[in-house]
Amino acid sequence: MNPNFRLERNAHGHLVHIAANGDRSENCIPVRAFPIGAPDEGVSLMGTDGHELAWIDRLSALADAPRRLIEDELAQREFTPAIRRIRSVSTYATPTTWDVETDRGDTRLVLEVEENIRRLDGGALLVADDRGVHFLIRDRFALDKASRRMLERFL
């Protein structure tokens, strides 16, 4: 795939979109259409005015250089630790504090209400804590038995 634009970083490290006609848009922001369900599909490059500069059907179809720029930018903006294991919960009534192991290290989260656990396709769950951080459970059925047992009390 050869997109109708180029990407580069400016002197401040911000992403710059260069259209086919040479117009430059400083500080563009990539936004995934489906960040959890289809992270490789549907990425929009947005200008500072909120208008779409370019649409990318598949990140994997881009050449290495622009794909890496977009992936680096997305990694800086997106913070969704994946829960690997639930070590303990303080109580089975909300609000409750969970001690969890994530792909970013061990942490505690406070689940204010059970409605802050959202079911996604394929057994995935998205858990929002009291600070607004979203934690992903990629496949609740793949968790260890103890984690599944604690989690089931909240579903």
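1. Strands E4 and E5 run antiparallel and are joined by four bridges. The bridge partner of Arg 32 in E5 is Val 43.

2. This is a predicted model, in which local features need pLDDT of at least 70, side-chain atom pairs count only at pLDDT 80 or more, and totals for chains, interfaces and linings use all residues. Residues are numbered from 1 along each chain as its sequence is written, and side-chain values use heavy atoms, with hydrogens and water left out.

3. Strand E4 covers residues 29-32, and its side chains alternate. Buried means under 20% relative accessible area, exposed means over 50%, and partly exposed lies in between (1.4 Å probe, protein chains only).

4. The protein chain has two helices and twelve strands. Read from the N terminus, the order of elements is β-β-β-β-β-β-α-β-β-β-β-β-β-α. The radius of gyration is 19 Å, well over the 15 Å that the globule rule gives for 155 residues, so the protein chain is more spread out than a compact globule. That radius is taken over C-alpha atoms, and the rule is 2.2 Å times the number of residues to the power 0.38. Along the principal axes, the C-alpha atoms fill a box of roughly 60 × 25 × 25 Å.

5. Of the 155 residues, 37% count as buried. The accessible surface of the protein chain is about 9100 Å², with 46% of it belonging to carbon and sulfur atoms; areas come from the Shrake-Rupley method with a 1.4 Å probe, and for residues only the protein chains shown count as cover. Among contacts (heavy atoms within 4.5 Å) with a separation of 6 or more, 30% are between residues 24 or more positions apart.

6. The whole structure holds 13 salt bridges, each being a side-chain nitrogen of Lys or Arg within 4 Å of a carboxyl oxygen of Asp or Glu. One of them pairs Arg 24 with Glu 8, with the closest N and O atoms 3.0 Å apart. This pair links distant parts of the chain, since Arg 24 lies in strand E3 (residues 24-25) and Glu 8 in strand E1 (residues 5-9), 16 residues apart. Arg 24 also meets Glu 26 in a salt bridge, at 3.6 Å from N to O. Arg 24 is partly exposed at 45% relative accessible area, as are Glu 8 at 27% and Glu 26 at 33%.

7. Arg 58 and Glu 41 form another salt bridge, with 3.3 Å between the closest N and O atoms. Arg 58 is in strand E6 (residues 52-58) and Glu 41 in strand E5 (residues 41-46), 17 residues apart. Arg 58 is partly exposed at 37%, and Glu 41 is partly exposed at 34%. Elsewhere, Arg 85, Arg 87, Glu 101 and Asp 106 are linked in a salt-bridge network.

8. Pro 95 sits in the loop between strand E7 (83-89) and strand E8 (96-102). Pro 95 is exposed, with a relative accessible area of 54%. Leaving aside neighbours within four places in sequence, Pro 95 is in contact with Val 110, Leu 111 and Glu 112. The C-alpha atoms of Pro 95 and Cys 28, which are 67 residues apart along the chain, are separated by 39 Å.

Key
Two strands pair if DSSP finds at least two bridges between them.
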